[in-house]
Every structure is written in C-alpha cells, then in structure tokens.
Amino acid sequence: MPRHFHMKSIKSGHSPDRKGPPARGGDTRYARRYAHPVTMHPPPKFSSSGNEAAERLASMADVTASDGALRRFLHGLPGVDPVGLEARAAALGTRSIKTTAKAYAIDLAISMIDLTTLEGADTPGKVRALCAKALLPDPTDRDTPRTAAVCVYPDMVATAAAAVAGTDVKVASVATAFPAGRAALPVKLADTADAVAAGADEIDMVIDRGAFLAGRYLSVFEEIKAVKETCRRPDGTAARLKVIFETGELSTYDNIRRASWLGMLAGADFIKTSTGKVAVNATPANTLLMLEAVRDFRAATGVQVGVKPAGGIRTTKDALKFLVLVNETVGEEWLSNHWFRFGASSLLNDLLMQRQKLSTGRYSGPDYVTVD
Amino acid sequence: MSDARLSVLKTYKLFVGGKFPRSESGRVYEVTDSKGKWLANAPLSSRKDARDAVVAARKATGGWAGATAYNRGQILYRIAEMLEGRRDQFIGEVADAEGLSKSKAAAQVDAAIDRWVWYAGWTDKIAQVVGGTNPVAGPFFNVSSPEPTGVVAVVAPQESSFLGLVSVIAPVIAGGNAVIVIASEASPLPALSLGEVLATSDLPGGVVNILSGRAAEIAPSLAAHQDVNAIDLAGADAELAKALEIAAADNLKRVLRPQPVDWSAAPGTDRLTAFLETKTVWHPTGSLGAGGSSY
C-alpha cells in the first residue's frame, strides 16, 4: 500500500520573509496589520480529483467487494469516545488567536468560504449579487481575498458560472435531490449531470440517510460512486465531489465515522457535515471527528480528502475555532481552500466586520457590509 | 445568636442584553462611599464588554422602536412602579454614594421615580409636539414624525449617581432608542441595582445596557463604534468629551455635548428630541377632479 507521509507541503504563498501590502493613507494608526495576503492556492500536484485517486482506492477494493465485507469493515472501525471527542473539540476552541495571527486567519477563512444561497426564493439577480460579493467581498478594501466558491442550486449554476467566469472563484452546486436526497437514482444522476453540464466545478451531493441508517451501506456506496462517475466531463476532467452526510441525522458519532469512511472509499473529494437545513449542523466535535477520519484515511490509502463543515458557523470566533481544529488535527497541508471549506453565508459579513476592526481600530457594524 | 450572623454581601454585576454578566475581563474595582469606606466591588468593564453591549442593543432596537408608543409608556411606568417597591434600597445606596442624609437621598430617589413617570407620559405625546402635518403648495399630504436614532451610548453624570442617571436613560428609551450607559465611575452601585429593576419591568432585554468602569477606557471605543448612532457626553470631562466627539465624527454620530444641568429641575423635552430623527413623508392626495383635490 503506497504511503505518502513525506509529501511536499501543499501550502504556499506566504513565506515568512514576504512583506505585506504597503500601509495606505499615511496615518499609521490606520495602517493595515495584515502581514501576508491570502491568495487562492494553486491546485497541488497531489490531487484526489483525478483518476489517480481511483487507482489508489483500488487497494481498498476488498472491503467494498460485498455488502457483508463493507459492513464488517465499517463496524470494525474503532468506536468514538464521545466525551473525549467533545472535550478535545472544546479545549481546542479555547485558543486565543490575536493580532497578526488573527488577521491571517480571517483572510484564510474568507478564502475558504463557499458563499451559499440555497433558498426556494433564489432569483438570477440574487445569485449574481452573491457572485459579485464572492469576487469583491469588501468593496472598500480590495485587498480582501475572494471566497473559494459560490454554492447554488443546479438550475442557478449557469447564472453563477457566467457571473464568475474568468476568475478563480469556483461554482459549487448541490445535487442529488438536495437536501432530503429522497429521489430515485436516475433522478439524482440527472440532477448531477445537469449541474456539471451547466458548468459546475464542484458537486455537493447528499447521501441517502435512510439507506445508511437502515444499514444498506453498499447501496449508499454504489450511489456515491455513480454520482462520482457522473461528475466526469466529456473532456476527461471531473467536477470535485463533496459528499454531505447530514451529521445531524446520523444519531451517533460512530455513524459519522462510518459515513466518513464510506464516503471516502466511494471516491469523495470532500466530506461535508450538513446541508444547513436541519436543526444540528456543523459542530466542532463532528468536524473534529471527520478531520480525524481524513487523516486516518490518508495514512491508510495515501489519498487526501477535504473537509467542509457547513451550517451554523456565523461568527469569526467560530470560524477561527474550526481553523485551530484543522491545524491541530491534520496540519498545515489542509489549511488551504483546496482542502478545507466553510459552507456559510452570514459568516462572511462577520469576518469582514472583524477585518475592518483590525485595519481601522474601530468596531464596524452591519451598515458597512452588504446585506444579502 | 443574631450577632453571630454573617451578612450576605451583594455581587454587583453588569446589565447587558437583559442578563447580568460579570465583566468579560474578570476585573473589578473597589467602590467606596463619600468618606472612603469600602462598599462593594463593581465590575471594571472592558472594551469587549462595550462591544457586546452594542450587539445586544442593536438586537433590541427593532422590537423596541417597533413597539407602540403607548406600550413603551406602559413599560416605563412599570419601571417607576418597580422602583417604588425598592425605594428604601435605592435611598441607602444613594445616601452612601453621594454622602447625603437619608431625607436628602429620599428626595433624590423620589425625584428619579417621578422622572420615569414623566417620560412615560411623553412616549405617545412627543410625536404631536415635534411632528405633524406641514403645509405644502401642491397636491400632497406632508407629514413629519419623529423616529428613534437607534443605538445611543451615554456617559452618565458623575456626581448625580441616580437622579442624573435616570434623567439621561429615560428620555433615550422613551423615544424608542436602545441605550448603552456607562455609570458614574465613583458611584456605580445605584446604576447596577437599577439593572435589577429594569430586568423585572417588562423592558425587553438589550434596550438598556449598563456598564460600570472607567469612562476613559470604555467610551472611546463606543464613540468610534460604527454601529452606534449617537452619544450623550453628559458625564464626560472637557478633555474626554473632546476626544469622544472627534472619534464620533467618523460615522457622523449625533453628539450631545456635556452641559451644566440641574438634575432636580424639570427637564423639558430637549433630551428626548436630541435622539429623535424627523422623518417627513410626501403622500399624493390622489387624483385631482375637475373641481380640484378629491380630498
């Protein structure tokens, strides 16, 4: 089994000796305290989006050969200690991130956002407004990094793709009968194919929680594989696949660990906590658990998988806690928007207000950010 | 036996968002009476407490400004009722804080209670006094009405720890604003106890937020805060007032400059109108018939 413990660091773009942007305005009180601009990282050589990943996964083929083998494997995963997990997540949440570290973390968090609108009332105009915000989050400060992507329903993909065309902002689309996932497989695949054809760079699929909770793991596995296959474009490239588990509906931490492995074995490029449509969404504890899963998965298979907590992350403080979890669990290699994302909408405004506070010294207010 | 009883000391806390938190910083400072005898420890608020208070106040503005003026009046009157029931406690605290005799302190507390009632009456009357219909040369109704400014920061008077405090808070909230008040630095205890009265008076949480500590430390961040709409400098000394006014200029805050005030005199409506914005609406009278206006 190939192991890749000594990969070249994926992180780049902020070597310590690099100088920040020059202070503007002449008044040093208002000088920007941002040491390093955060930019979109170039996709690393080691990517899970191509055929290479599928080949590596072949080494795990025996555990997915039959329903019984898959069940034995998933139920053979170590049980989760819920008290320990929550205590560790809480302990890591107490880190104090200040001054330049905070400035860096805020910019990093902004660059990791999948700016999301998933409402029945979405209009082309609203989607275009969202894209404009993704491209220029803070019109008063053009040094603000762009968000990683915009996330919309499949029928809005074409609108969003046109709005962000020619930029490094990706278009992510939910698919497979989001958010419930209660539709026949052909419908889900058509939903996915539609989004990919319309220009989606990333597909956020939901798993069939009903099948998962009923213990039909192989049917969930086959469904993810089928969607992954549908993500391929005619030219041989593929949209990156994010697999949403809806952790709030999985009842136990053990189930979240099993779902994580199941999704990764089936070829997920990202595992994602939630749809944002149920009561319990991303929490530090379930995100920590999924981070441990991607760490262990890479150790076992050599395949790196991204993590995306989504829903309920609204404040800068929360976002920084998640970044600490990433750094302490899987390390710097995941600290880029190629491997870690936030599914959020209102979080961006809070990050921008904190950013304005750091750069001006004055507390900002909601009158100074765009209201979506 | 009764001699052996240990008295229970009161922990004075801030009043923010309808709750009673300690200072986020964990700091306290000693509060003494006019002769220097220790009375209690009061929270020494930090800039973060001020920021949290602004968030709480902003959250409260919609509901409070949207409540009917009559309803606001009822709640202000309710505050007076609750104060009446705790009159003795406040007389004791004011007497200690300001070095007054019981009878003089009682006069202060009674005047403060009467002031709540006075402003309670104004809530649904101020619109008639400062608003109304304007005569215009055209087929329009032209109506002006006072609207609350929003979130107001107040540096409470330093000397008059209770009557002065009430005289600056009551007009702000009577007009429909939410307020963050920095209590008198030397005598914050009546203000912190007032929080307990407000919490039991049907006043929505966050409409009044009371901080104790050093005005020179907390007030500058409130004055510069982009989400604060107005600031009342009643208790700021000349130097601090100047600095605060400069900081407040950045987002064009309304500023009420400190002025010598006799808190025991009838207040008039100046402090009410200082934190009201006039909204004027032009409304077409409708189709003009052959004989002129259809109205």
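Trainee: Where does A:Ala177 lie?
Mentor: In the loop between β3 and α7 of chain A; strands (E, at least two residues) and helices (H or I, at least four) are DSSP runs, numbered from the N terminus. Keep in mind that this is a predicted model, where local features need pLDDT of at least 70, side-chain atom pairs count only at pLDDT 80 or more, and totals for chains, interfaces and linings use all residues. Residues are numbered from 1 along each chain as its sequence is written, with chains lettered from A and ligands numbered from 1 in the order in which they are written.
Trainee: Which residues does a cis peptide bond join?
Mentor: A:Phe178 and A:Pro179, with omega about 0°. A:Pro179 is found in the loop between β3 (170–175) and α7 (185–197) of chain A.
Trainee: Switching to chain B, where is B:Leu252?
Mentor: In the loop between α9 (238–248) and β9 (254–256) of chain B. B:Leu252 has a positive phi of about 55° too, although it is not a glycine.
Trainee: And the interface: how many residues of chain B are in contact with chain A?
Mentor: 8 residues of chain B, meeting 7 residues of chain A; contact means C-beta atoms, placed from the backbone, within 7 Å.
Trainee: Which helices of chain B each supply at least two residues of that side?
Mentor: α1 (47–66) and α8 (215–224).

Note on methods:
Two residues are in contact if their C-beta atoms, placed from the backbone, lie within 7 Å.
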